[in-house]
Each structure stands twice: as structure tokens, then as C-alpha cells.
Amino acid sequence: MIKIKINQKVNPQDIEGERKFYGVTVSSGALTVRQLAKQISKETTIGTPDVMAVIEAFLQDIPEYLLEGKIINLRDFGSFRLTVSGEGSATAEEYNTNLISKTNLHFRPSREFKDSLKSAVFHKIPVNN
């Protein structure tokens, strides 16, 4: 169950306009890598230390492949790729990589992953006065 609190927000395109109320998700805590590894270990025949080793290798290798320009396709989970943001130039000849200001990590969930999230159940938590 996903907890939702209600926040009043201003429209950034119309600061003086009517404020509206929106639902915002409330975290129920964080899950550590060790907790995740223990859970995976319970669901498989692999021990927690081996699961931890796989997760560590995953966390080490994924950034390296992304920096090589690879798209990381994790099938039923989704894919990761890098994109960039920055300034443009008037012509292609004038463009240089110094115009890039930021590297962004883009995650595209698979259809299966998105479909699994459709079963979310929401619970509005009381407003604190």
C-alpha cells in the first residue's frame, strides 16, 4: 500500500493563480543492499554473500558500460542509458562538447514492469493540523 499525503502547490506558470491540492507519495523507509540480498537469498538457492557479490559486480559494471555508450537492457525490468543536456549552437560545425553541461541517467521501464505497478493501492493519510 502506498501512502499519500496531500500538498497544496502553486502553478509555476501562474504564480498568482489558484493553488491546487495534489497527492504526494510518502516513503515507508529505505531498503539497504544487504536487506535486498537477504530477501533474494530467501527466494533462491543462492546465499546472501553470493547475492551481495552479484549486486556489487552489477553496481560496478553498469556505470562502466554506460560510459562506453552502451544501453543496459535488463529485459523485464527495463533499460538504462545516458543522455546529455546543454547548450545548442547555430550550426553543426560550431557545436563542440564544451556545450554539454550535464550527463543524465535515463531509465525506461519495460511494459511488464509498468504493468506490475498498475496494481498499486493508495491510502490517503490524515492531514496534520
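Author: The answer below begins with the rings, continues with the strands, and ends with the pocket.

The structure is a predicted model, in which local features need pLDDT of at least 70 and side-chain atom pairs count only at pLDDT 80 or more, while totals for chains, interfaces and linings use all residues. Residues are numbered from 1 along each chain as its sequence is written, and side-chain values use heavy atoms, with hydrogens and water left out.

Five aromatic pairs are found when the whole structure is searched. One of them joins F77 and F80, whose ring centres lie 6.3 Å apart with the planes at 40°, so this pair is classed as tilted. (Rings of Phe, Tyr and Trp, the last by its six-membered ring, pair if their centres lie within 6.5 Å; under 30 degrees between planes is stacked, over 60 is edge-to-face, and the rest is tilted.) F77 also pairs with F107, again in a tilted arrangement, with 5.0 Å from centre to centre and 40° between the planes. F77 belongs to the loop between β3 (72-73) and β4 (78-86), and F107 to strand β5 (residues 100-109), so this pair ties together parts that are 30 residues apart in sequence. (Strands are DSSP runs of E with at least two residues, helices are runs of H or I with at least four, and both are numbered from the N terminus.) Ring pairs join F77, F80, F107 and F113 into a cluster.

The strands come next. An open sheet of three strands runs in the order β3-β4-β5, with antiparallel pairing. β3 and β5 are at the edges with a single partner strand each, so one side of each has no neighbour in the sheet. Nine bridges connect β4 and β5 in the antiparallel sense.

From R75 to P109 the C-alpha distance is 9.2 Å, although the two are 34 residues apart in sequence.

F77 and F80 line the largest pocket, together with F58, L59, I62, L66, L74 and L105. (On a 1 Å grid over the protein atoms alone, a pocket is an open set of points where a 1.4 Å probe fits, with protein on both sides within 12 Å along at least five of seven lines; lining residues have an atom within 4 Å of a point.) The space in the largest pocket amounts to about 220 Å³. (Points are joined across faces, edges and corners, and the volume is what probe spheres set on them fill.) Helix α2 gives the most to this lining, namely four residues. By class, the lining holds eight nonpolar residues, no polar and no charged ones. (Ala, Val, Leu, Ile, Met, Phe, Trp, Tyr, Cys and Pro are nonpolar, Asp, Glu, Lys and Arg charged, and the others, including Gly, polar.)

Key. Pairing = 2+ DSSP bridges.
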